[in-house]
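User: I've got a model open and would like to talk through how it is put together. Can you take my questions one at a time?

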Amino acid sequence: MGIRFNQVSYDYSSFAQGLYTAIKDINLEITEKHEFIALVGHTGSGKSTLAKHMNALIFPSEGNLEIFGEVITAKRNKKIKYNNIRKKVGLVFQFPEYQLFEETVEKDIMFGPMNFKITQEEAKKIAKESLNLVGLNDSYLQRNPYNLSGGEKKRVSIAGILAMDPEILVLDEPTSGLDPAGKRVLMNLFKDINEKTGKTIVIITHDMDLVYQYFNRVLVMNEGRLIYDGDPEKLFREKDLFKNHLDYPNTIKVLKYLNETLNLNLNIYQKTLEAALSEIERVVKE
Amino acid sequence: MSYIEVKDLTFSYNEKTNVLEAVNINIEKGEWIAVLGHNGSGKSTLAKTLVGLLEPKEGEIFIDGQILSEESAYEIRKKIGIVFQNPDNQFVGVTVRDDIAFGMENLCIPREEMLSKIDFYAKKVNMLDFLDKEPANLSGGQKQRVAIAGILAMQSDIIIFDEATSMLDPFSREELIKYIKTLHKDGLTIIMITHDINEALLADKILVMNKGKVYAFEETETIMKKKEIFTDSHLELPVSLDIANSLELSDKHKEIREKLWEYALIK
């Protein structure tokens with residue numbers, strides 16, 4: 001077992017709002033290998049709080065969670081090496097490009113591994129490999145991160161996490177702010193890493209087109225509770241997403257419009273353009 | 001003369017490559033323009049030169065007949081406001097009230113007038129109940145609305161949205177879009193930089209930037225019919241038009257194609 005939440009709740013206390021519960025009674029299992037999971041929910045639904053638990057960045061107020069066998073509770077346990085947990089579960093924040101700070105890409109990627117008592121040479125080798133894994137060539141190693149494009153910065157910051165070789169990767173909205181082509185490149189990259197290395201990847205996103213096309217497991221948070229855990233298509237069929245302040249994938253919305261305005265009988269649950277087209281052809285032929 | 005005129009604008013961050021090259025644009029008062037383009041196409045740089053945050057290497061910008069220069073920048077900035085992608089990057093005040101006041105303070109508006117304006121514009125963006133709250137505790141959509149109130153309070157009538165919806169969840173995004181629609185109705189000139197084609201479809205005209213140049217600038221409905229503009233600029237068409245373009249041209253498909261176009265152009 002990679003990560004298991006047992007009845008986890010988390011209370012924030014803030015000066016302005018007092019005490020409030022960000023997540024409540026969460027039970028959830030994430031296998032350490034081969035999972036590719038989307039985590040969705042509107043702003044304030046608790047998804048980022050949930051993600052922060054996954055590498056023990058914050059501790060549950062109630063309940064406990066197991067991360068690679070270590071039991072995390074509200075109380076700090078001196079026997080647990082929290083840094084080891086953070087090495088096993090890599091968390092990439094939203095806008096990770098703000099966290100690039102070294103003068104070369106190479107130094108930036110090396111920063112993480114160097115904290116784990118390895119030689120400079122080894123760290124350099126790892127930096128190069130991680131950079132290649134995110135689809136950037138060696139010429140980037142000596143470049144200044146500030147002069148890279150938004151998409152390139154994102155990739156470098158992801159390479160920085162990969163360099164620490166986590167077992168599980170958790171990414172908070174990695175595709176926001178990218179153009180459509182950049183989005184696909186990055187999603188294909190994650191899928192590729194997932195397939196090649198078997199690493200479990202959890203991605204927070206608002207983009208339901210991506211959820212439908214890339215994932216076979218989706219977690220939905222609403223008002224601090226996990227209200228759905230399963231197949232995306234089943235979610236679109238069963239839940240009223242608008243009620244949960246979420247949206248439907250574009251193919252579903254378009255086909256639904258055709259059904260309603262032309263009185264057709266299209267199966268609206270089509271993931272891709274090609275699938276939508278052949279469904280329309282099928283109905284036209286009838 | 002158009003309300004906004006950009007003439008042969010060229011900009012570069014270094015000597016080597018131009019981020020903007022010979023950009024010519026005319027925008028009329030009250031128009032809603034969407035700006036599309038791949039990452040690095042020059043969209044945001046264009047926005048920053050329009051508000052005088054960056055100085056052009058060559059070329060001129062006229063706003064309401066006035067040339068943008070070091071001397072006129074102060075006057076012109078009153079007319080034009082910008083809402084950024086990350087709402088956290090644009091707050092200066094301790095409370096929402098302070099934040100809306102900030103621009104007016106710089107214009108030396110008398111206190112009494114300022115206070116009544118704050119109330120008026122906070123109400124307009126539906127944030128009256130939040131005036132004493134810390135901006136940090138607001139949702140992304142609320143933060144963007146506070147930013148808009150600050151701009152309106154300065155009597156600006158041009159607002160640039162620089163990917164202002166890209167960090168919002170679908171619900172807050174929808175809310176902000178609704179709000180932009182009412183601003184448009186009120187006669188404000190809107191320039192909306194976006195990666196979301198569905199959002200761009202709401203505009204009167206679409207400007208496509210490609211490698212620092214204006215690749216196309218046409219009425220929304222006209223430009224959507226020119227598929228090649230999108231492929232050449234590495235942009236995606238909306239799903240409905242992708243389907244419409246791929247359907248056979250037979251009569252049987254005609255009705256469906258028409259509906260798909262109708263769907264794409266619903267405002």
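Here is the run of questions and answers.

Analyst: Before we start, this is a predicted model, where local features need pLDDT of at least 70, side-chain atom pairs count only at pLDDT 80 or more, and totals for chains, interfaces and linings use all residues. Residues are numbered from 1 along each chain as its sequence is written, chains are lettered from A and ligands numbered from 1 in the order in which they are written, and side-chain values use heavy atoms, with hydrogens and water left out.

User: What is the radius of gyration of chain A, and what does the globule rule give for 286 residues?

Analyst: Chain A has 10 helices and 10 strands, these being DSSP runs numbered from the N terminus (helices are H or I, at least four residues; strands are E, at least two). The radius of gyration is taken over C-alpha atoms, and the globule rule is 2.2 Å times the number of residues to the power 0.38. The two values are close, so chain A is as compact as a globular protein of that length: 21 Å, against 19 Å from the rule.

User: And how much of chain B is made up of buried residues?

Analyst: Chain B carries 11 helices and 10 strands. Buried means under 20% relative accessible area, with exposed over 50% and partly exposed in between (1.4 Å probe, protein chains only). Of the 267 residues in chain B, the buried share is 55%.

User: Is strand 7 of chain A enclosed or open, and how many of its residues are buried?

Analyst: Side chains in a regular strand alternate between the two faces of the sheet. On one side of strand 7 of chain A sit Ile168(A), Val170(A) and Asp172(A), on the other Leu169(A) and Leu171(A), and all are buried. That strand, residues 168-172, is largely enclosed by the rest of the structure, because the buried count is five of the five.

User: Which residue of strand 7 of chain A is the bridge partner of Val89(A)?

Analyst: Two strands pair if DSSP finds at least two bridges between them. Strand 6 (residues 89-92) of chain A runs parallel to strand 7 of chain A, with four bridges. In strand 7 of chain A, Val89(A) is partnered by Ile168(A).

User: Which helix goes with strand 7 and strand 8 of chain A in the β-α-β unit?

Analyst: Strand 7 of chain A also runs parallel to strand 8 (residues 200-204) of chain A, joined by five bridges. A crossover is right-handed if, with the strands pointing away from the viewer, the path from the first strand over the helix to the second runs clockwise. The unit is right-handed, and its helix is helix 6 (residues 180-197) of chain A.

User: Within what arc do the buried residues of helix 10 of chain B fall?

Analyst: In helix 10 (residues 239-246) of chain B, the buried residues include Ser240(B), Leu241(B), Ile243(B) and Ala244(B). Taking directions from the helix axis to the C-beta atoms, the buried residues of helix 10 of chain B line one face of the helix, because they fall within an arc of 155 degrees.

User: What is the relative accessibility of Asn222(A)?

Analyst: Asn222(A) lies in strand 9 (residues 217-222) of chain A. Beyond neighbours within four places in sequence, Asn222(A) is in contact (heavy atoms within 4.5 Å) with His42(A), Ser45(A), Ile227(A) and Asn244(A). Asn222(A) counts as buried, because its relative accessibility is 15%.
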